[in-house]
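Have the model open while you read.

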Amino acid sequence: MKNSKIAGIGYYVPDKIYTNDDLSKFMDTSDEWITERTGIKERRFAEKHKETSSTMGTRAAQMAIDNAGINKEDIDFIVFATLSADYYFPGAGVLLQRQLGITHLEAPALDIRNQCSGFVYGLSVADQYIKTGKYKNILLVGAEMHSMGMDFTTNGRSVSVIFGDGAGAVVLQPTEEEGRGILTTHIHSNGTHAEELAMINPGSHGGVWLGTEKFGYPDAEEMGGVFVTQKMLDDGLLAPNMTGQLVFKTAVKKFPEVINAALYEVGLTSKDISLFIPHQANLRISQFVQKLLKLEDSQVYNNIQKYGNTTAASIPIALYEAFEEGKIKDGDLICLAAFGSGFTWGSALIRW
Ligand code: ACO
């Protein structure tokens with residue numbers, strides 16, 4: 001079986017920059033609080049009603065296709081990871097296909113809902129299809145427009161200061177070279193804490209039973225029967241919630257675990273990692289993981305300071321920037337890893 005390699009990378013971030021001071025105009029927060037706890041200094045927000053997750057994804061995808069030196073007509077499988085799809089359904093994959101102008105090819109489009117781990121999950125799925133020889137040019141996209149669905153009042157500040165908008169994409173192809181490309185991927189999930197980092201409305205539970213007490217449904221019976229109720233809107237229940245400290249504690253345990261499992265499988269150690277690109281969840285999480293894995297600063301890439309947490313887009317955006325900055329060279333061992341809502345987590349080791 002042939003390994004898959006990343007043949008092209010693309011990214012897109014909106015022009016409009018919001019600094020921490022800008023956010024403090026909408027809510028009670030400060031540059032000091034955000035910087036100290038998350039490392040984030042600024043993020044990008046897309047232009048409302050002009051951009052969506054799929055339009056940003058399409059821009060990143062076109063760049064990845066150009067950088068891979070192929071034509072968009074060569075794409076035989078689309079995988080789109082996002083938690084902020086344009087529509088409730090269908091997923092963003094078919095919208096991207098239409099925007100790229102390749103609907104006539106009728107290639108499959110798969111939508112991935114694994115939030116912060118979406119890109120690593122997508123990579124793992126795409127890798128299996130390349131290995132079996134089923135597809136030869138897979139377009140994997142991660143894109144998010146968080147700004148449309150967050151609570152920018154003081155009530156939502158513990159979540160809304162963390163996230164930003166953007167998109168990243170890669171083209172995956174089989175490689176002829178032995179020992180190159182994606183060496184291994186590992187993905188996991190544990191739904192015990194599904195609601196602790198979540199946006200549970202709108203949903204088919206209709207407000208009736210899931211987490212009724214914890215998430216403060218005022219009158220479950222009255223709310224039942226429809227996805228979105230006026231009461232959900234009035235009570236601000238259409239925004240994400242996060243139990244930050246539980247996320248932090250679990251993330252710093254699962255990141256090293258899944259990275260070490262990957263390293264063990266291929267007979268390497270963290271010393272062999274040329275560059276670790278973690279999902280850009282929170283700079284403090286990345287620093288903690290770096291310490292646990294005993295990695296030097298030069299072995300870790302972070303850009304959350306500029307973009308905030310862009311969920312499924314964060315790894316491909318960082319990968320693009322690291323590559324452009326000359327931090328990824330032929331033969332390097334690149335380690336990607338993510339942890340997020342679900343909880344879901346995963347890792348990938350790539351011999352570049
Ligand atoms: N600005 C100012 N004050 C704030 C803000 C804000 N943006 N948000 C919360 N606060 C206040 C709280 O109201 C609270 O005030 P109180 O003591 O008067 O009640 C105080 O700050 C402390 O709140 P905590 O939630 O306990 O703050 P904590 O130190 O845990 O930091 C944080 C919160 C940054 C979310 C932290 O828990 C964390 O880093 N968690 C990891 C989660 C994470 O990074 N998720 C990323 C997304 S998920 C993913 O990608 C994996």
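1. A term first: two residues are in contact if their C-beta atoms, placed from the backbone, lie within 7 Å. By that rule, and leaving aside neighbours within four places in sequence, Ala169 is in contact with Gly10, Gly57, Ala60, Ala61, Ala64, Leu139, Leu140, Val141 and Pro316.

2. Before going on, a caveat: this is a predicted model, where local features need pLDDT of at least 70, side-chain atom pairs count only at pLDDT 80 or more, and totals for chains, interfaces and linings use all residues. Numbering runs from 1 along each chain as its sequence is written.

3. Ala169 sits in strand β7 (residues 166–174); strands are DSSP runs of E, at least two residues, and helices are runs of H or I, at least four, both numbered from the N terminus. Is Ala169 buried or exposed? Ala169 counts as buried because it has 35 C-beta neighbours inside 10 Å; the cut-offs are 20 or more for buried, 12 or fewer for exposed, and partly exposed in between.

4. The largest nonpolar core has 96 residues, and Ala60, Ala64, Leu139, Leu140 and Val141 have the most contacts inside it. α9 gives the most to this core, eight residues. A core here means buried Ala, Val, Leu, Ile, Met, Phe, Trp, Tyr and Cys residues joined through C-beta atoms within 7 Å. Leu139 touches Ala169, and also Ala61, Ala64, Ile75, Ile78 and Val171, not counting residues up to four places away in sequence.

5. Now the ligand: of the 24 residues around it, Thr29, Ser158, Gly244, Ala281 and Asn282 come nearest (near means a C-beta atom, placed from the backbone, within 6 Å). α9 gives the most to this shell too, with five residues.
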